[in-house]
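Colleague: Hi! Could you walk me through this one?
Modeller: Happy to, here it comes.

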Amino acid sequence: MISDVRYACAVGATNTVVAIMGAVPIANCSPGCQLKPTAMLTFENGFQGSVAAGGGNMPSSNATENDVVFGGIKTLDLLIKSTLKIYDGDLFVVLTGCTGELIGDNVPDLVGKYQKAGYPIVYANTAGFKGNNLYGHEVVVDAIIDQFVGDYNGEKQKGLVNLWFETSYYNQNWRGDYQELARILRGAGLEVNVLFGPENPGVSAWKKIPQAQFNLVVSPWVDVKNAEHLQKKYNQPFLHIPEIPVGEEATAKFIRQVVDYAGIDKQKSEDFIKSEAEINYYYLEHFSEFFAEYWYGMPSEFVVTADAAYAWLTASFLPTKSVLSQSAW
């Protein structure tokens, strides 16, 4: 299995914003800086498409030479005003690319004026020279937490978990995998706060983050820094499981690990594991007839080349002598 690594510059984290229902990204960068990451992460990456303010509808300052020479803050101010009029968004996120940061535009001060006026808007410094869209994703998450979610001193809800899983639009299957993880956790007896994708109810889920009993990070490393930040900010613990579970054994282990950490009743999760295992082996039993008949024509060695999360996922399900090639990202 060979999978292209899909990463762009940090401003590509506009797609992190798009994955939140009702959130609107505002790209403060040159035309190419907005177009190329969008094309790479949505159009060319399985043609995932986009909605509302994503894709070709994404607001962008389209900074020119004039902005570089005389400053682009006025252009950005006009863009924010126009975006607030056109889009009925619940959250607006200004992501500044290389141009704005290199010329020193005071974006925090400008966005701060809109924040004081009561607009739900935050800013994130996501210059491409700082890192790729995985880095940008973590910057945007922290920006929303600090500037939009804010402080919280209330109680934690036992059994409620914030699910952090990979970067939106990075992998073609991120939506389905996110939904399946949420389904498994619900089946085990947990209430899942879905922050991205089709089951995300909107920014209300983000406001709910501090109320969760803990954060669950299912990823080799992405979102771990965010979980550490939440631990300091809200005294909220997190469970980091670097491997995405695949197959009955790995999934059962995953469920038991999370349930043990949550300290909830195990009867529901064990019943769920049993019923899901029966379905799983039903399909494997039917597949075994094909394998028994044509095993001689199937490959006996595998080489997996993919991003860290999916390389490990695939290789862990293959025979133990399989070769694992894992990208740095």
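Modeller: One term before we start: a contact here means heavy atoms within 4.5 Å. Also, keep in mind that this is a predicted model.
Colleague: Thanks! So what share of the contacts with a separation of 6 or more comes from residues 24 or more positions apart?
Modeller: That share is 71%.
Colleague: And how many helices and strands are there?
Modeller: The chain has 13 helices and nine strands. Its radius of gyration is 22 Å, close to the 20 Å that the globule rule gives for 329 residues, so the chain is as compact as a globular protein of that length.
Colleague: What box do the C-alpha atoms fill?
Modeller: Along the principal axes, roughly 70 × 50 × 30 Å.
Colleague: Nice. How much of the chain is buried?
Modeller: Buried residues account for 48% of the 329. The accessible surface is about 16100 Å², and carbon and sulfur atoms hold 55% of that.
Colleague: What about charges, how many positive and negative side chains?
Modeller: There are 24 positive and 36 negative ones, with the centres of the two sets 8 Å apart.
Colleague: Let's look at a helix. Where does α13 sit, enclosed or open?
Modeller: Helix α13 covers residues 308-317, and seven of its ten residues are buried, so this helix is largely enclosed by the rest of the structure.
Colleague: Which residues of α13 are the buried ones?
Modeller: They are Ala-308, Ala-309, Tyr-310 and Ala-311, then Leu-313, Thr-314 and Ala-315.
Colleague: Why does Thr-251 count as buried?
Modeller: Because its relative accessibility is 17%, and buried means under 20%.
Colleague: What is Thr-251 in contact with, leaving aside neighbours within four places in sequence?
Modeller: Thr-251 is in contact with Ile-184, Pro-245 and Val-246.
Colleague: Great, thanks for the tour!

Methods
Residues numbered from 1 in each chain as written. Predicted model: local features only at pLDDT ≥ 70, side-chain atom pairs only at ≥ 80, totals over all residues. Heavy atoms only, no water. Helix = DSSP H or I, 4+ residues; strand = E, 2+ residues; numbered from the N terminus. Rg over C-alpha atoms; globule rule 2.2 N^0.38 Å. Buried < 20%, exposed > 50% of the residue type's maximum accessible area, 1.4 Å probe, protein only. Areas by Shrake-Rupley, 256 points an atom, 1.4 Å probe, with all protein chains shown as cover. Lys, Arg positive; Asp, Glu negative; His and termini not counted. Charge placed at Lys NZ, Arg CZ, Asp CG, Glu CD.
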